[in-house]
Structure formats: C-alpha cells, structure tokens
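Dear colleague,

I would be glad if you read them with the model open.

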Amino acid sequence: MNRIAKYKVPALLWIVFEAVAVVLWRATGNLFYLGNFSYIGTALATGTALYIANWRYARHAVQFAVGTYMLVYLGFLCHENMQIEGFWYYLFLGSFEAATIHYAVAKIFGPLVFGRGWCGYACWTAMVLDLLSYKVPATHERRSFGWLRYVTFVASLAFVGALFLLGVPNLADVMWIAFIVGNVIYYVVGIALAFALKDNRAFCKYICPVTVFIKPMSKRAVVRVTCDKDKCISCGKCRKICPMDVDVTDNSLDRRNGTECILCMECTKVCPKKAL
C-alpha cells in the first residue's frame, strides 16, 4: 500500500492535466487540446514517478519529451511560434491559440502552483543548456546585469507591436521566421553565456524574457522545496549544488533567489539528513 501511496503526486499531476485537456477540448471543440495536454501531463507524471523511483535522469527525460514536442511538433511541424513573440502575436490577434494557452498555463498562472517548474522540466532552450559542462555554477554570486531580461521582454513586445502598427503583410510567415531566428539566437547566446560565466543556467538568470512573467507569480508557489530545520545540519551542500543559487534552507517567502527555483531537486539528492 505504501509503495502505491508514494506515487500519489504523479497520479494527481496526471489527473489535473487530463482535467484541463478535457475542459479545453469540450469548450473549444478542438481535439488538439485533448491530445496536447494529455501528452504533456503524461510526460510530467511519468517523469515524476521515475524521480520517485530514483531514476537519475528522470527530469531530463521530461525535458526532452516536452521540450522537443513543443519545439519540433508545435514549432517546426505545426508552425506555431511558441516563443514569447508568438504569445504577443496571438494576444494581439485576440486568438486563443497554442501559444496563448501555453503561456497562461505554464508561465503566467501555472507558476502560482509549481513556481518555475516549467524552466526545469519543459523549456526547450534549457534542455540543451543543461547538457553543458557547468551544471554547478562557478560562483553563486549574481552578476549585475539581470536587468537584461527586461530589455529582451520589452524588445519582444515592441517587435510584434511594430509589425501590427506598420501593417506588415503575411504576418504568419514573419512570425514563423521569427520563431526560427529567435531560437537560434537563444541557443547561441545561452551556450556562449554558459561557457563565459561557467554556468549552464546563466541565460535563464540574466537574459530570458519569460522570467518576467514567471518570477513574480512564483513567490507564493504552492509547490516549493522546504527545509526541516530539526534535521538540517547546515552543511551547505544544497546551496553549493543549486544551479539557480537558491537558499533552500530558508523557508521564508523572501529567501535568497526564492523565485528562481526550477524544482530540479538536486538539493534533495545531496542532503545527507534528508532535511529537504
């Protein structure tokens, strides 16, 4: 019975995504939403179950299952711009399409529940960056140019807004090109930053515009890593291994880099007292 009970989290996760899938399908009459959210929910639930079963690469399996689905299937095959420019594009059109739904669920309202879990389990940029050599940052001191994320956020909005204001024809084709170019830029900049700063997640910390949505919504996330102070021996291993520089031993809402946690759970793996 206990072996079954420990998998209640992935089961609940799957049920939630299936509920969303059915509701959207029935509300829109579009079978795509049933398949889309069923697939993502199944991938996340399976990955969570594998993590509970102590499979080392559980999170990375989910990253590639969800990330490649969005990049290759939705992006390259269905020509949906899943980048932030695609969100602005469909928002300006007043269209309830894949990108707007994706952002609402994963990056705007979803973080109230799972924080920056998207960044750890589904991002197609991070799934490549996490394969690089600097899984543990060379330093946990943040650089002073985190403001660049706001520049890229405003730039993406200004770009799409200008397309509409100028009446650029064939916007769908323009957004498809923007999707390809945007992804290339993200990968090149992300990999270059990782090597320059010796930190796989440098792009996520300083450049990624999506964090402007996610970070404030993550502050009071329901799912978060907490510390049992009675067990903690203050060895510092969790803070040293954290790719996002979070002080997970602090349970307060204002803990250091608290809105940065991607739920990678590396800290729980190294804790010698299972305090996390």
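The lining of the second largest pocket divides into six nonpolar, two polar and seven charged residues, where Ala, Val, Leu, Ile, Met, Phe, Trp, Tyr, Cys and Pro count as nonpolar, Asp, Glu, Lys and Arg as charged, and the others, Gly among them, as polar. Its volume is about 390 Å³, and of the 15 residues that line it, Arg59, His60, Lys135, Glu266 and Lys269 are the closest to its centre. A pocket here is an open set of points on a 1 Å grid over the protein atoms alone, with protein on both sides within 12 Å along at least five of seven lines, whereas a cavity is a set of points where a 1.4 Å probe fits but cannot get out; lining residues have an atom within 4 Å of a point. Grid points are joined across faces, edges and corners, and a volume is the space filled by probe spheres set on the points.

Please bear in mind that this is a predicted model, in which local features need pLDDT of at least 70 and side-chain atom pairs count only at pLDDT 80 or more, while totals for chains, interfaces and linings use all residues. Residues are numbered from 1 along each chain as its sequence is written, and side-chain values use heavy atoms, with hydrogens and water left out.

The largest pocket has a volume of about 1,100 Å³ and is lined by 42 residues, of which Leu13, Leu44, Thr48, Phe114 and Leu263 lie nearest its centre. Helix 3 gives the largest share of this lining, 10 residues (helices are DSSP runs of H or I with at least four residues, numbered from the N terminus). By class, the lining of the largest pocket holds 33 nonpolar, six polar and three charged residues.

The largest cavity has a volume of about 180 Å³, and among its 20 lining residues Trp118, Cys123, Thr125, Cys208 and Val210 are the closest to its centre. Helix 6 (98-108) is one of the helices that supply at least two residues of this lining, and nine of the 11 residues of helix 6 are buried (under 20% relative accessible area), so helix 6 is largely enclosed by the rest of the structure.

The second largest cavity holds about 110 Å³ of space, and its lining divides into six nonpolar, five polar and four charged residues.

With best regards

Key: Buried < 20%, exposed > 50% of the residue type's maximum accessible area, 1.4 Å probe, protein only.
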